[in-house]
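Student: I am new to this structure. Could you walk me through a few of its features?

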Amino acid sequence: MSTLRISPDKHDVPEKLLSLPFLVLFFQATCCNCYIAVFYCMEQWMAKISVEPDLRGLLLAVLPCVVFLARPLMTWLLYGRNTTWAMVTSILCSSLTLLFYPCIESDNAVWAIFCLRALHGFCLGIYSCCTISLLVACIPKGQSARGFALFSLTLLLPYAILPAIGEWLITLLGDEARLFAATSTLAVPALLTLPLLRQKLQQQTRNTKKAAKAAQNAFMWKSLHPKDLGFVYLACLSFSIMTNEAIFFMKGLCQVIHALPAYFFTTYTSTIMLIRLLGNVLFDKLPRYPVMLSCSLLLAACTFAMAHAEGTELIWLSIVYGAGLGLLYPLLAALVCDRSSPEMRPINSNIMMAAFDLSGFLAPMIGGLIVNAGLGYGSVFISTSLSISVCGLCILTDLLLQKKQAHSA
């Protein structure tokens with residue numbers, strides 16, 4: 001009696017999220033995000049070289065502003081093209097900008113820093129555009145929330161590690177500018193791993209080339225329509241304004257409520273990483289709209305409570321804040337990814353990232369206006385509560401629009 005062996009259909013085998021391209025891209029993005037995280041001490045360095053206080057905030061905002069302006073242009077220019085050389089060039093130029101900081105002196109500091117930040121922002125816009133486009137090609141169908149949850153660690157890990165190592169390196173190197181220059185050496189591992197992405201880059205180019213012409217014309221920004229992803233993008237913008245305001249103005253609030261900044265930064269980043277590492281396999285199984293609306297409500301209450309907290313109360317609020325943040329971002333990003341056709345995913349994901357870029361410019365301006373008006377840091381955090389409330393309203397509006405379209409179909 002013979003035994004009939006049936007080979008499984010390769011299409012029935014689910015794709016792995018943790019593939020070689022995903023892991024390589026994760027490592028490379030972590031290295032390149034250290035180029036941003038190293039500027040945690042830039043404000044203090046600018047004070048040392050006698051940059052006026054009113055100019056420091058402007059110089060800090062130059063980089064995210066240029067990233068925001070560069071991303072749409074790069075999305076349009078690079079769509080349907082092999083981005084290997086764009087990634088190489090952006091990594092090399094970002095490294096070069098860091099090498100010039102030790103050469104800056106007090107008398108030419110403002111314009112030199114402005115030019116370096118603008119160039120760095122343009123390079124970062126190119127690299128980020130290429131990375132997001134490649135990331136959505138690496139995430140298998142049905143695992144988008146998990147993919148974005150894990151990949152978000154590429155930005156959290158540098159902020160969790162670099163400030164601690166950076167303080168030690170500053171004592172060895174002499175000052176912050178030399179730390180910026182030393183960080184440029186991370187270009188070496190980032191570039192050495194790039195050939196491992198060659199096959200995926202070529203595959204992505206083939207997949208998007210057919211739709212490139214149509215996407216570059218009338219359909220490129222169609223997802224901005226309220227009936228498509230317009231309200232989801234607004235939710236991303238208001239969500240990110242909240243997170244950036246909290247980052248920029250938490251130290252000031254801590255001085256008022258007699259708390260240590262570490263109560264917030266260490267606690268909330270640890271909570272986010274714990275949730276995304278241990279719970280990422282469940283993210284795509286969660287009911288998205290109910291969870292997102294619950295997180296928005298939770299974060300609104302939490303940030304409002306932070307404005308009235310005292311001392312160690314901030315620790316418990318930071319745990320709640322980290323839990324809400326840890327869930328909300330991956331689900332928002334997954335909504336954009338899952339509601340996009342394969343051809344439009346790179347474009348729509350970069351529009352989402354442009355909303356995050358814009359918040360990096362708007363958040364310090366909003367918070368600064370509130371502080372300069374004499375309303376205090378507590379009022380800044382009340383504004384973050386309002387911002388995340390707007391996020392929740394946008395999510396609810398999008399849900400109602402989707403239900404209305406489903407009924408009319």
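Tutor: Here are some questions and answers, after two notes on the model and its numbering.
This is a predicted model, in which local features need pLDDT of at least 70 and side-chain atom pairs count only at pLDDT 80 or more, while totals for chains, interfaces and linings use all residues. Residues are numbered from 1 along each chain as its sequence is written, and side-chain values use heavy atoms, with hydrogens and water left out.

Student: Is Thr97 buried or exposed?

Tutor: Thr97 sits in helix 4, residues 84-99. Buried means under 20% relative accessible area, exposed over 50%, and partly exposed in between (1.4 Å probe, protein chains only). Because its relative accessible area is 1%, Thr97 is buried.

Student: Which residues does Thr97 touch, not counting those up to four places away in sequence?

Tutor: Contact here means heavy atoms within 4.5 Å. By that rule, Thr97 touches Leu116, Leu119 and His120.

Student: How many residues of helix 6 are buried?

Tutor: Helix 6 spans residues 144-151 and is mostly covered. Among its buried residues are Arg146, Phe148 and Phe151.

Student: Is Leu172 buried or exposed?

Tutor: Leu172 lies in helix 7, residues 153-173. Because its relative accessible area is 56%, Leu172 is exposed.

Note on methods. Helix = DSSP H or I, 4+ residues; strand = E, 2+ residues; numbered from the N terminus.
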